[in-house]
Amino acid sequence: MSVADAPTISEEDRLRADLYNYLGLMLAGPPDEMLLGQTAGLEGDDTTLGRAIAQLASVAKVTKPKAATREFNALFIGLGRGELLPFASYYLTGFLNEKPLAALRGDMNASGIARAPNVFEPEDNIASLMEMMGGLIVGRFAGPPAPLQNQKAFFNKHVGSWSGHFFADLEAAKNSVLYASVGTVGRVFMDIEREAFRMIAD
């Protein structure tokens, strides 16, 4: 397929994908100096999401990479386990590696989404799911960008049912400083996505 034949992606969808990918990056591992600098340079607007992004940028400006790493480890790794377990199975069933993970693996296979060879965590972790949504929007996996109906089905089944609770927990976690603001951005964005998908007919 030539560049001219490539499907065009609206600016709104590209921005949605960028935010999903950003959240996935921040939740996959502690931000390095470059990502912190990029975060500090983000600009918000007078919307609820814009204000959350502006707050995140202001916290990133005064956060050093070492402090961000300590915070990430306390939240997600810890001694034995971190303060939070960011997995769909855990949030939906109270246990890891349960039916939600099996269902996700089936839908990943159907969508041409393959697990990265260097990733050992279950695929239903929040970072991977953010990356999957971003990829579906722009067509980074097998095939063209996913139609809105497909995005809605994937979101409702694997993301919308629990991600808002996770991001609220991240906002309130005792070890959250930078990640409290990440949690706010994530929670507000999930609310926007859930409402937008609700308005799309099945």
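Predicted model: local features only at pLDDT ≥ 70, side-chain atom pairs only at ≥ 80, totals over all residues.
**Two helix pairs**

Let's start with helix α1 (residues 11-28) and helix α7 (residues 126-138), whose axes come within 8 Å and cross at roughly 160°. Angles over 145 degrees count as roughly antiparallel, and α1 and α7 are therefore roughly antiparallel to each other. Their crossing is left-handed. On the α1 side, the contact is made by D13, R16, A17, Y20, N21, L23, G24, L27 and A28. Facing them from α7 are I126, A127, M130, E131, M133, G134, G135, I137 and V138. By type, the residues of this contact divide into eleven nonpolar, four polar and three charged.

A second pair to look at is helix α8 (residues 148-159) with helix α10 (residues 178-198), where the axes come within 10 Å and cross at roughly 130°. That angle makes α8 oblique to α10. The crossing of α8 and α10 is left-handed. Here L148, Q151, K152, F155 and V159 of α8 meet M190, E193, R194, F197 and R198 of α10. The residues of the contact of α8 with α10 divide into five nonpolar, one polar and four charged.

| Helix pair | Axes come within | Crossing angle |
|---|---|---|
| α1 and α7 | 8 Å | roughly 160° |
| α8 and α10 | 10 Å | roughly 130° |

**The nonpolar core**

The largest nonpolar core has 51 residues, and L170 and Y179 are those with the most contacts inside it. What does Y179 touch, not counting residues up to four places away in sequence? Its partners are M26, L27, G29, P30, P31, A68, E71, F72, L75, F76 and L170. L27, one of these partners, also takes part in the contact of α1 with α7.

**Single residues worth a look**

T39 sits in helix α2 (residues 33-40). Is T39 buried or exposed? With a relative accessibility of 0%, T39 counts as buried. Beyond its neighbours within four places in sequence, T39 is in contact with Y22, M26, L56, A57 and A60. M26 is also among the residues that Y179 touches.

E123 lies in the loop between α6 and α7. This charged residue has a relative accessibility of 10% and counts as buried, the cut-off being under 20%. Leaving out neighbours within four places in sequence, E123 is in contact with L101, L104, R105, M108, R115, S128, L129 and M132.

A103 belongs to helix α6 (residues 99-110) and is partly exposed, with a relative accessible area of 30%. Apart from neighbours within four places in sequence, A103 is in contact with K157 and H158. A103 and H158 are 55 residues apart in sequence, yet their C-alpha atoms are 8.5 Å apart in space.

Finally, take a look at N97, found in the loop between α5 (88-93) and α6. Its phi is near 55°, a positive value in a residue other than glycine. Most residues other than glycine have a negative phi.

Key: Residues numbered from 1 in each chain as written. Heavy atoms only, no water. Axes fitted to C-alpha atoms, helices over the stretch in contact; angles between N-to-C directions. Helix = DSSP H or I, 4+ residues; strand = E, 2+ residues; numbered from the N terminus. Parallel < 35°, antiparallel > 145°, perpendicular 65-115°, else oblique. Left-handed = near helix turned anticlockwise from the far one by under 90°. Contact = heavy atoms within 4.5 Å. Core = buried A, V, L, I, M, F, W, Y, C linked by side-chain atoms within 4.5 Å. Buried < 20%, exposed > 50% of the residue type's maximum accessible area, 1.4 Å probe, protein only.
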